[in-house]
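I opened my notebook to go through this structure piece by piece. Here is what I looked up, in the order I went.

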Amino acid sequence: MYKFKYFLFTGIFLVQQAFAHFCLKSEPQGLNYIVKPWYKYRTDGKAGREVMIFFSGKKLFGKITVKIEAEGKAEQFNIQLQQAQDSLSVLLPENVGLKSTMVNLTITSASGKFVQEINVPAKKKWTVYIYPHSHVDIGYTNLQEVVKDLHIRNIDVGIDIASKTRDYPDGAKFVWNPEATWVVERYLNKATAGQKKSFVNAVRKGWIQIDAAHSNINTSTCSDEQLLAMFKSSAQIESFTGIPITTMVQMDNPGASWGLVQAAAKSGVKAFFSYPNYYDLRQAWENKPFYWLSNNGKDKLFYLQATSYGYGFRAKGQKYGLGKIQAFTTEYDRLSTDNPLENFIDPFIFQETQKLEDRNSPYDIFVMTWSMADNCLIDADLPDAVKLWNAQYAYPKLVIAGSKTILEAYESKYKSIIPEYGGDMTEFWTQGLASDAKRVGIGRIAKEDLVQAEALWSMLGKKNNPGFDRVWDNLLLSAEHTWGYQDPTAPLAHQVEQQKAAYFEQAGQLSKALIEQGVKDIKKDGENGFAVINTLSWARKGLIKIAPEESKKGDKVVNEQGREMNSQRLSTGELAFLSDSIPPFGSAFYQIKPGKQSKKPAMSIGKDHLNNSLLALSVDTLNGNITSIIDLKTKREFVDRKSPFGFNSYNHLYGVKNGKPEMMPGKPTSDKLSYIEIKEKGPLLSTLVIHSKGMGSNWIRKEITLIKDQAYIVLNNTLDKTATTNKEGIHYGFPFQVSSGKIKMDIPLGFMQPETDQIPFSNKNWFAFQRWIDISNADYGVSWTAIEAPIVELGNLSGDILDGARQAREWIKQVPETQTLFSWPINNHWDTNFPLKQSGIISNKYVIMPHEGNFEPSRSEQFGTAQNRPLIVVPAAQNPIKKSMLLLSNPKIVVSTLQPLTDEQGVLLRLKSVSEQAEEVELTWPDNKQAVLYKSTPYGTTTEQLTGKIKLIPHELMTLKVLFK
């Protein structure tokens with residue numbers, strides 16, 4: 001999206017003036033020269049640096065002899081001037097000017113001799129790779145369906161232009177880059193047999209070059225499996241064309257999740273090219289390639305953050321107007337002009353390469369994109385512009401290319417000097433998710449439900465269902481970086497926002513429908529029995545709630561052995577009970593019996609406290625904030641009472657630093673307590689409800705729940721959001737007291753410690769986490785999760801800033817040492833690309849678990865995943881899974897996904913190490929299945945058979961294809 005104003009700076013060529021002695025005169029004649037920043041073709045076909053000579057006050061005519069002496073070389077040649085002229089172009093010998101040097105120039109004519117020493121600054125022989133594309137910005141410029149159709153047509157147009165320029169000189173032959181497999185997949189779904197044949201031919205000839213990512217995704221907000229789903233269509237397209245897809249690009253959106261490295265590498269991707277929008281913070285890494293190391297220390301990607309992708313718009317697109325170049329019409333399908341070199345790369349390319357030379361860049365490769373706008377027509381002038389340029393200049397040499405060609409250029413010449421770095425490139429645009437908090441919550445739940453549905457189908461012996469891929473596609477489109485129309489005040493904006501919201505809503509509906517469809521054969525209504533199914537690879541308990549209409553028979557719940565469970569009829573009419581420990585990939589059976597549950601002492605609760613025998617909570621009756629969380633065994637306090645922010649406090653902040661003085665943030669305001677009520681008071685669970693009002697909301701309700709003998713706290717914060725276009729944010733505060741505690745954060749395919757595990761110049765004002773955050777010292781700590789809201793701030797309300805284009809100095813440069821978190825579910829900071837306002841009921845659930853001992857990744861992983869993937873409850877007549885489908889011998893290895901196969905009896909099993917050490921694990925199948933294991937790509941292509949214990953390196957993700965005999 002071209003969201004920010006761009007500034008161009010005038011380049012300055014080196015101009016030096018000197019005086020030469022005219023040998024036949026007593027008075028010297030003036031002589032000026034300009035050393036040009038390019039090389040042209042000499043008469044011998046070699047590249048020579050051009051120097052323009054200007055004779056002040058004199059013109060030369062007839063035979064001219066030029067002698068050049070430089071770097072131990074001497075060269076002399078004659079020129080016949082047919083008419084008098086006061087300037088002369090001289091091309092230096094080959095390779096003179098690659099480094100700074102002095103050149104002695106002698107020019108002799110019938111009227112005299114000039115002798116001049118010329119200072120030639122260094123200039124590399126640059127090769128400029130131009131990546132032609134139309135930025136895929138789904139919904140930013142038109143309805144999503146129209147954007148799709150334009151990009152689909154661009155493939156046929158690209159093939160046509162490539163065919164017409166196939167005999168052009170090397171470098172000028174046209175190549176089209178669709179940018180995203182979302183485009184290619186839609187094209188193939190709609191293409192005729194003839195179009196498919198033409199497409200495959202174009203791919204095999206290199207006319208169409210495909211990059212692997214589904215679209216331009218906010219990868220930090222993805223789950224483990226969502227990152228891998230990004231590349232599934234790439235694997236399918238690769239199989240269809242027979243041409244490997246080994247690169248990915250990301251346009252517009254700055255930053256990416258560390259987990260992307262492993263997900264991409266496991267999917268066959270070798271390089272990641274980033275072309276972000278214009279923002280100052282990008283400049284630290286611009287044109288500085290490195291190998292981005294995964295957290296497993298083995299997988300890596302070549303990474304290049306190249307020049308901002310918007311130059312084609314600034315140079316050409318804006319001159320023709322968005323109304324023309326973004327139009328999807330039958331009148332024209334490309335842009336062509338009579339002057340291809342007009343509005344091209346001069347002087348930009350000389351300015352940018354000079355910057356790199358000034359920084360002593362070791363490379364002579366420059367990479368840029370060419371897209372006249374977001375979702376635009378193809379510039380059919382490009383191959384002719386490149387052809388004409390390369391005929392005029394030897395260097396910079398232009399090459400129309402795809403990512404694979406650019407990767408080969410870097411690695412063939414510079415592989416040995418490209419450095420390696422590891423860490424998270426924390427994204428800058430993820431705060432935009434808080435512009436539609438309700439849908440983001442739906443999406444986060446949907447992606448966990450979908451993984452549960454896949455496991456459930458596998459456990460019940462079902463084959464794969466096309467519905468799984470449809471949900472993943474909706475989830476990827478929900479994570480795609482475009483959320484709204486370029487002008488959110490325009491009538492079209494509402495339709496675009498509705499379609500974006502539909503991606504989340506459809507994912508939520510379809511994932512739940514797949515769970516329902518999966519249990520259809522075991523579901524028996526009216527039997528007063530319930531199967532409780534665990535889709536995770538470790539045993540766990542859980543709070544189960546049965547709807548009022550399904551629990552009319554009584555208030556007693558017994559397990560298969562007839563033992564009565566601790567149960568409670570809730571104020572909602574639901575019947576709640578705490579399950580036994582449900583085996584991994586297994587289930588248990590419970591029945592409702594007539595009568596009341598056996599009398600058990602109620603938990604201690606008042607309007608200012610809760611106690612469940614493990615934890616004691618205190619609540620301030622003046623403001624409703626939690627003032628104390630004490631571990632009753634160790635007597636440790638987990639609330640920082642000295643913090644200016646209350647625990648579970650509501651903080652509303654107007655304003656945002658966006659370069660507009662009138663938008664500067666004010667001071668946060670808290671809510672005003674209305675009243676506190678006891679909602680549940682029983683032997684199983686107790687709940688306090690704090691009612692309040694605050695800025696930005698009609699009302700606020702915060703529920704605090706403790707469950708008997710369970711060492712965690714459940715908070716449900718719900719509000720009725722008022723609609724406003726005034727810039728604002730709502731932040732819930734969690735100031736923990738964990739002395740010298742370090743924060744570790746779950747991210748896709750791993751975890752990281754802010755600051756320590758971040759690539760320099762990444763975002764430190766806010767973070768997106770996956771399922772858990774842990775704050776621990778050597779002796780104790782706390783694990784925390786937010787089910788619906790992925791964005792957190794550390795230490796303070798630091799999310800009050802937008803973009804990095806105008807205020808780089810305002811961004812946090814170092815993450816503070818802190819044990820305070822803020823969940824940031826709601827804001828409307830953006831002026832484009834995201835909704836300007838939101839309203840209605842928005843709920844956010846938080847779970848907090850104090851623990852003994854230092855940080856243990858497997859404990860946090862189990863806590864966070866269990867809270868995000870609750871036990872599945874199904875009305876049933878009996879226990880459907882009497883033996884676990886699969887057992888793992890090592891708790892530091894978990895199953896990330898269990899997917900049913902389509903045409904074979906078996907599953908695709910993904911193992912994930914949550915250990916910082918090398919681990920090994922043994923898989924057993926208690927239900928007597930005879931399993932043959934193969935190591936596999938993430939999408940089922942096997943590589944080798946495995947037997948015995950399986951070894952994994954730290955943080956490794958390994959996919960196995962398991963076939964049952």
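Entry 1: Leaving aside its neighbours within four places in sequence, which residues is threonine 724 in contact with (heavy atoms within 4.5 Å)? I found Asn828, Leu836 and Lys837.

Before going further, I noted that this is a predicted model, where local features need pLDDT of at least 70 and side-chain atom pairs count only at pLDDT 80 or more, while totals for chains, interfaces and linings use all residues. Residues are numbered from 1 along each chain as its sequence is written, and side-chain values use heavy atoms, with hydrogens and water left out.

I placed threonine 724 in the loop between β35 (713–721) and β36 (728–735). Strands here are DSSP runs of E with at least two residues, and helices are runs of H or I with at least four, numbered from the N terminus. Threonine 724 counts as buried because its relative accessibility is 17%; the cut-off for buried is under 20% relative accessible area, with exposed over 50% and partly exposed in between (1.4 Å probe, protein chains only). I also saw a polar atom of the threonine 724 side chain 3.0 Å from the backbone nitrogen of asparagine 726.

**Entry 2: a strand isoleucine.** Next I looked at isoleucine 34, in strand β2 (residues 29–41). Isoleucine 34 is buried too, at a relative accessible area of 17%.

**Entry 3: a three-strand sheet.** I then traced an open sheet ordered β15-β9-β17, with parallel pairing; two strands pair if DSSP finds at least two bridges between them. The edges are β15 (365–370) and β17 (397–400), each with a single partner strand, so one side of each has no neighbour in the sheet. From one strand to the next, the twist averages 25°. I counted six bridges in the parallel pairing of β9 (residues 127–132) with β15, and tyrosine 131 stands opposite threonine 369 in β15. Helix α10 (residues 382–392) packs on this sheet, touching β9, β15 and β17, and its direction makes about 155° with that of β17. For that angle, axes are lines fitted to C-alpha atoms, for helices over the stretch in contact, and angles run from 0 to 180 degrees between N-to-C directions.

**Entry 4: an enclosed helix.** Last, I checked α15 (residues 857–868). Ten of its twelve residues are buried, so this helix is largely enclosed by the rest of the structure. Among the buried ones I listed Phe863, Glu861 and Gln867.

Conventions. Polar contact = N/O pair within 3.5 Å; in protein donor to acceptor, adjacent residues only side chain to side chain. Contact = heavy atoms within 4.5 Å.
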